Amino acid sequence: MNEKKPLIIASAALGVIILAGGGMLYYFHFVVLPKVQKALDAAQKAVAEAKDKQGKIKGFKEEIERLKKVEEQKKTRIPNLDSKEYDGLANLLDDIRKRAGVNLSGGTYAQPKAAAGAAAARAAPKGAAAAAAPTTGVHKVQYTMDIRGGFHQLLRYLNLLEKERRFLNVDTFTITKGADTGKGDKAGQAVRNLKVVVSSYTYRTPPAPPTPATATAEADKGGQSTPVPD
């Protein structure tokens, strides 16, 4: 009996080990492994999506650069309004006149009613209503010009206006027969008179927000009063 007791104990211990090992194997194979596999699949999917997005970065950068160039080109069509803008527009119109080979016999500048109203508001006293403040956005300007030249030269002039990169719109035009004929290299060509109204646009950028230093200076300035003379 004493000889069989160690054997029984060893067999029992072996059985416990086998059962524990089987339980652990079952737990890892049917509980832990599926969770790990699911996490691995999710990680692999995330890596694949990240690689796909990474592959698109170059295309996005190229598209951004392309759009920047398009933006710069469009800015030349409606430039920002500054102190040099009106002179720049007048010089452009004169350059087009020279390229067409026509002569300018007269011209006037005018603002449409909406723009003129905004100009009047800007000229109003400081104590006026808030509507008198300069407005931001697109502003229209117009030039009415009297042009003289041959018929085909006038057509070329209108064509150059329409094809200019900057937005120039021919609102109205009339061509009438001139009072005399051309001279020099234009001898024998009937001179025509062209009355044309050309409109263009400028963009007034919104004012920059005041910095803390500017706001403090304005506040200090507003709090000062004129000293009383002795």
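E65 and K68 both lie in helix 1, which covers residues 4-75, and they are three residues apart, about one turn of the helix; helices here are DSSP runs of H or I with at least four residues, strands are DSSP runs of E with at least two, and both are numbered from the N terminus. The side chains of E65 and K68 meet in a salt bridge, with 4.0 Å from N to O, where a salt bridge is defined as a side-chain nitrogen of Lys or Arg within 4 Å of a carboxyl oxygen of Asp or Glu. Side chains of opposite charge can pair when their charged atoms come close. E65 is partly exposed, with a relative accessible area of 43%, and K68 is partly exposed as well, with a value of 45%; by definition, buried means under 20% relative accessible area, exposed means over 50%, and partly exposed lies in between, using a 1.4 Å probe and protein chains only.

The structure is a predicted model, in which local features need pLDDT of at least 70 and side-chain atom pairs count only at pLDDT 80 or more, while totals for chains, interfaces and linings use all residues. Residues are numbered from 1 along each chain as its sequence is written, and side-chain values use heavy atoms, with hydrogens and water left out.

The protein contains five helices and four strands, and read along the sequence these elements follow the pattern α-α-β-α-β-α-β-β-α. Of its 230 residues, 20% count as buried. Among the contacts in the protein with a separation of 6 or more, 77% are made by residues 24 or more positions apart, a contact being heavy atoms within 4.5 Å.

D94 is partly exposed at 28% relative accessibility, whereas R97 is buried, with a relative accessible area of 16%. Together with K98, the residues D94 and R97 are linked in a network of salt bridges. R99 and D95 also lie in helix 2, four residues apart and again about one turn of the helix, and their salt bridge has its closest N and O atoms 3.1 Å apart. Both partners of this pair are partly exposed, R99 at 39% relative accessibility and D95 at 35%. By the salt-bridge rule, the count comes to eight.

In soluble globular proteins, nonpolar side chains tend to be buried together. The largest nonpolar core in this model has 20 residues, and those with the most contacts inside it are L93, M145, I147, Y157, L161, L168 and V196; such a core is a set of buried Ala, Val, Leu, Ile, Met, Phe, Trp, Tyr and Cys residues joined through side-chain atoms within 4.5 Å. Helix 2 (85-100), strand 2 (137-149), helix 4 (151-163), strand 3 (168-181) and strand 4 (190-204) each supply at least two residues of this core. Leaving aside residues up to four places away in sequence, L161 touches L93, I96, L168, V170 and V198.

S200 is found in strand 4 and is buried, with a relative accessible area of 1%. Its side chain reaches the backbone oxygen of F167 at 3.1 Å, and, not counting residues up to four places away in sequence, S200 touches L89, H139, K140, V141, R166, F167 and L168. G137 is found in strand 2 and is also buried, with a relative accessible area of 15%. The C-alpha atoms of G137 and Y203 are separated by 5.4 Å, although these residues are 66 residues apart along the chain.

Finally, the surface can be considered. The protein exposes about 17,300 Å², of which carbon and sulfur atoms supply 61%; accessible areas come from the Shrake-Rupley method with a 1.4 Å probe, and for residues only the protein chains shown count as cover. A nonpolar surface patch of about 320 Å² is made by M24, Y27 and F28, where patches consist of residues with over 30% relative accessible area and no salt bridge, like charges being joined within 9 Å and nonpolar side chains (Val, Leu, Ile, Met, Phe, Trp, Tyr) within 5 Å. F28 is found in helix 1 and is partly exposed, with a relative accessible area of 44%.

Key:
Polar contact = N/O pair within 3.5 Å; in protein donor to acceptor, adjacent residues only side chain to side chain.
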